[in-house]
Amino acid sequence: MTQSRFFSSRSATRSSADSFSRGLVGYAFAAAATLTLAGLLVFFWAPQDADQGMRQKIFYLHVPLSIAALCGFIAGGVMAIQYLRTRDSSWDLRSYVAIHLSLIFGVAALITGAIWAKTAWGVWWEWKEPTLVSFLIVFLLYAVYQPMRFAIDDPERQARSAAVYAIICGAFVPLNFMAVRLATSLVHPRVLGGAGEMPAEMRVSFYTSLIGMGLLWMALWKFELTAKSVSMRLGKLRAELIS
Amino acid sequence: MNESKETPGLFAAAGAILRKDLRLELRTMETLTTAAIFTVATFVVFHFAFDRYEMSGDIAAGVFWVTVLFAAVLAINRLLSNERAQGGYEALLLAPIDRNAILFAKFAFLFVTLTLLEIFALLAFALLLLGPALSTEMLPLAPVLLLANIGIAAIGTLISALATDTNARELLVPLMSLPLLTPLLIGAARASTPLMSLVPHTEHLDRWLGLMALYDSVFALLAFAVFEYVIED
Amino acid sequence: MPQAADSTAGHLRRSGGDLAICVSGLTRHYGERAALQNVGFELPAGQTLAVFGANGAGKTTLLRVLATLLRPHEGDVHVLGQALPDDAYAVRGQIGLIGHEALVYRDLTARENLAFTARLYGEPKNRVATVVNEMLERVHLEGRADEPVRNFSKGMMQRLSAARALIPRPQLLLLDEPRANLDPGAAQLLDPFIGPAAGRTRVIVTHDIDYGLEQADVALGLRLGRVEWCRPAAQVGADEARELYR
């Protein structure tokens, strides 16, 4: 309930709650099925890594998590543009939830990334891996999104500033990757090869798990949107009842 | 009644605001003195932290740019909030000017402040810590400073506009600035490393200048596109 | 932008030039709360509107919407023939706001502050000094014109604030408690410029009921963001206005 006062209640209509929840169940089932299939492929079909063995399997979790988080951040920026264009506060809510959710995915990606670094290179953190380093910088930037938002009292202003910040950060993501890559590749060889170098079984398992993660992101996004909008509507109805 | 009057053009308005800001800064010297003192204090701290009398190469470039970056954060913190502290912010919003005039003026003001600050910081650095003496071989630092300042000024103006209406400005400005300025720091520090080595030379200079130029143009355009949304209402 | 100025004049002519402000269905939210709800009124050019209401009734919000500082969330707001918020830029030069804050820079002198305002409102460079000197004399600040305004007393600040608002020779004056910090002498001094004799359209927000009713042609009573009544000031009794504060 505390969350609800940060968003304009004008978006909390019945129809918006309905549109948020549309497809939620479908996404949830699809995510569960795809991720189960991905798990089976990863553990029983994809070949063992010659050096790292079983421990390399975390790759199938870490990389899709990172990609889902990054896509979610960018999507949050696109939704923010949509908010500034339409001034429809439901787009603000969409953008907020996308970034919030991607931040959680980002935490998971960083933790799994550290575990993977430990298994692959024997250290918890690897500065020579530009993707990981870029991801950390992006994560730090988005971690300020929520504190910034909630340091503004007026909900409309909050939505606008958050949208602008989301757009700036969205533009930052690719440029930052480029800069960090440029800074690293001059000195060190790339640690990770591209997906093209993987054997076919690995590749299929990886893409399955990536699709599963994308579906999971969508399902959780829709779930949180629905939950937020329902609780806002509830708060509004309660307020009307009291007055 | 209003026969002689037209609304001022974008650049006329920006020029008026910039002149006002420079005049205020010359009178109070608030931003420049605090940033200059901060710069020297940071060099002292770095001297003890590394226990060095002299620095060159990547360490020198790193120390110089980290110091400049933190000093820039101080300036960003004051950029628009100073307008409020002085009391005239709403008069700007009431005036019949293109709101982007505020962006241009604040961008230019920050750019000028940073340039003056860096000239001072470079002299102080050369005096206190820098190994190689200042020489004409270091002239390629000029475009590095120029491109860094354009980027910091564009991003700084946006951040100060975003943060000035929050109730946690002092905390948010550095938190937002540091990641957003990291690519610029990468470019500036890497480009400066060979220039600050014991035998100053250039290496991959074009690559780093290119990176910074790309970064600058993206964020300058972005600032232009979104600034009005940040300050409206 | 001479084009904008032309279209302003055009709009005014088309609408007959008779209504300076026309508001209907104006709503402005502040989060869950509606600071203004379905507010509507009209004000003919050259007349004075007095707005009454307890603290939190929405008086200042209304003034800030008219000043183009806040955008309306719903409803039609026309000020001097321009629709807000879309055409706010075209009307800003015609509005003078005198509020609680003087809106001047503390470390600039009175002269520098007024010169800056004049530049922002498009006064040609060669006229700035003349206009500023004239204005300084009008508000009796010529003697202290080259002191930083941080040393000014409240009354001097208020006079400077009035000078700042009058520099663009606005058609519409928005006054928020104009007499709050003025002694009677200063009030008398400013009266020719911000009083009814100036012939400007005015909106006065005040708690001072007798003063407000005496000045106004139209009176508007607000309660909790809604219009309680709106009619010619002559038909509003002081007791009725006091009722708003209970």
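Reader: Which strand is β1 of chain C joined to?
Author: Strand β1 (residues 19-30) of chain C is joined by 8 bridges to strand β2 (residues 33-44) of chain C, and the two run antiparallel. Strands here are DSSP runs of E with at least two residues, helices are runs of H or I with at least four residues, and both are numbered from the N terminus. Two strands pair if DSSP finds at least two bridges between them.

Reader: Before we go on, what is the basis of the model and its numbering?
Author: This is a predicted model, in which local features need pLDDT of at least 70 and side-chain atom pairs count only at pLDDT 80 or more, while totals for chains, interfaces and linings use all residues. Residues are numbered from 1 along each chain as its sequence is written, chains are lettered from A and ligands numbered from 1 in the order in which they are written, and side-chain values use heavy atoms, with hydrogens and water left out.

Reader: In what order do the strands of the open sheet in chain C run?
Author: The order is β2-β1-β4-β5, 4 strands with antiparallel pairing. The edge strands are β2 and β5 (82-84) of chain C, each of which pairs on one side only. From one strand to the next, the twist averages 25 degrees.

Reader: And how many bridges link β4(C) and β5(C)?
Author: Strand β4 (residues 74-79) of chain C pairs with β5(C) over 3 bridges, in the antiparallel sense. C:V79 stands opposite C:Q82 in β5(C).

Reader: What lies across those strands?
Author: Helix α2 (residues 59-66) of chain C lies across β1, β2, β4 and β5 of chain C, and runs at about 60 degrees to β2(C). Axes are lines fitted to C-alpha atoms, for helices over the stretch in contact (heavy atoms within 4.5 Å), and angles run from 0 to 180 degrees between N-to-C directions.

Reader: Turning to chain B, how many helices and strands are there?
Author: Chain B has 9 helices and 0 strands.

Reader: How much of chain B is buried?
Author: Of its 233 residues, 58% count as buried, meaning under 20% relative accessible area with a 1.4 Å probe, protein chains only. The C-alpha atoms of chain B fill a box of roughly 70 × 35 × 30 Å, taken along the principal axes.

Definitions and conventions:
Buried < 20%, exposed > 50% of the residue type's maximum accessible area, 1.4 Å probe, protein only.
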